[in-house]
Amino acid sequence: MSLLSLSAPVAEALAQGAPVVALESTIITHGMPWPRNLEMARKVEDTIRAEGAVPATVAVIEGKLCVGLDDVQLETLAQARGVAKLSRADLAVCMAQGGTGATTVAATMIAAARAGITCFATGGIGGVHRGAEQNFDISADLQELAQTPVTVVCAGAKAILDLPKTLEVLETLGVPVIAYGQDQLPAFWSREAGLRAPLRMDNPLEIARAAAMRAALGLPGGQLVANPIPAEAEIPREVLAPVIARATADAEAHGIRGKSLTPYLLQRIFELTEGRSLEANIALVLHNAKLGARIAKEMSALPRN
């Protein structure tokens with residue numbers, strides 16, 4: 001715990017067994033432009049508070065793994081340039097060097113688990129990139145879900161990915177993939193990916209009980225809850241498909257790969273949809289935050305052994 005810097009509200013909530021929801025920070029530093037990123041971050045935290053839970057945005061600041069940021073830290077991070085994008089592989093190095101970095105899904109899960117937070121809300125997870133059979137580009141998020149006991153609420157894997165292969169890898173790793181309130185797996189900006197979800201649950205209590213049962217059985221890893229974007233905010237799959245294809249072709253033409261690929265594709269899709277993808281992204285993040293808070297509340301209310 002000495003490696004973590006807990007904000008006062010997060011520390012108090014954890015001490016009292018109150019619900020806490022972890023939030024990543026790469027969506028702030030790498031996912032949205034200033035000042036929309038700060039507006040979004042504040043709205044997400046306010047949404048969680050309105051549901052009766054405590055938000056805990058995670059980032060590394062001057063070598064400290066911070067779980068819960070105050071408003072000054074949030075604004076500073078939102079305006080910062082050259083912030084590192086941290087996953088499992090480079091989290092410890094950034095901390096050892098006294099650096100500042102934003103946490104991806106994997107790194108946020110690590111911080112949440114160390115702090116004792118069992119629920120995390122985000123936009124979309126990483127996964128298997130298109131062409132992975134040649135480039136082996138697979139996000140560390142998938143392995144993290146297989147080993148770190150945190151329930152992750154998202155709108156599915158990002159639609160820029162190879163979704164069938166991502167689902168297959170999650171199945172191989174033994175990660176429960178739960179569609180919330182529907183049989184189809186959602187695909188980030190779209191409510192349906194054209195894939196049937198392995199599991200379906202329709203209320204937060206079911207999800208909380210499933211997490212508790214995994215812990216009781218001693219099963220490693222977390223759960224992935226795929227929460228479809230609100231219908232009024234979605235961009236249908238058939239509209240997005242040619243946009244994603246063009247953005248991917250542009251990335252290949254420019255030789256963009258690795259950690260730079262996802263931010264490039266998101267920016268290119270923003271341009272090609274004339275900003276519509278950003279509005280959808282904000283809507284789905286807020287939607288996931290609300291569900292994450294409700295799941296966290298059910299988790300905190302379950303009897304403890």
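1. Helix 3 (residues 36-50) has 15 residues, and the distance from its first C-alpha to its last is 21 Å. This is close to the expected 21 Å, the expected span being 1.5 Å times one less than the number of residues. Helices (H or I, at least four residues) and strands (E, at least two) are DSSP runs, numbered from the N terminus.

2. The model is a predicted one: local features need pLDDT of at least 70, side-chain atom pairs count only at pLDDT 80 or more, and totals for chains, interfaces and linings use all residues. Residues are numbered from 1 along each chain as its sequence is written, and side-chain values use heavy atoms, with hydrogens and water left out.

3. Among the buried residues of helix 3 are Leu 38, Met 40, Val 44 and Ile 48. Buried means under 20% relative accessible area, exposed over 50%, and partly exposed in between (1.4 Å probe, protein chains only). The buried residues of helix 3 pack against elements including strand 3 (54-61) and helix 13 (276-301).

4. After helix 3 comes Gly 52, with a positive phi near 90°.

5. The count of disulfides is 0, a disulfide being a pair of cysteine sulfur atoms within 2.5 Å. The sulfur of Cys 94 is 11 Å from the closest cysteine sulfur, in Cys 66, which is too far for a bond. Cys 66 is buried at 5% relative accessibility, and Cys 94 is buried at 8%.

6. Cys 66 lies in strand 4 (residues 64-67). Beyond its neighbours within four places in sequence, its contacts (heavy atoms within 4.5 Å) include Ser 5, Val 58 and Gln 73.
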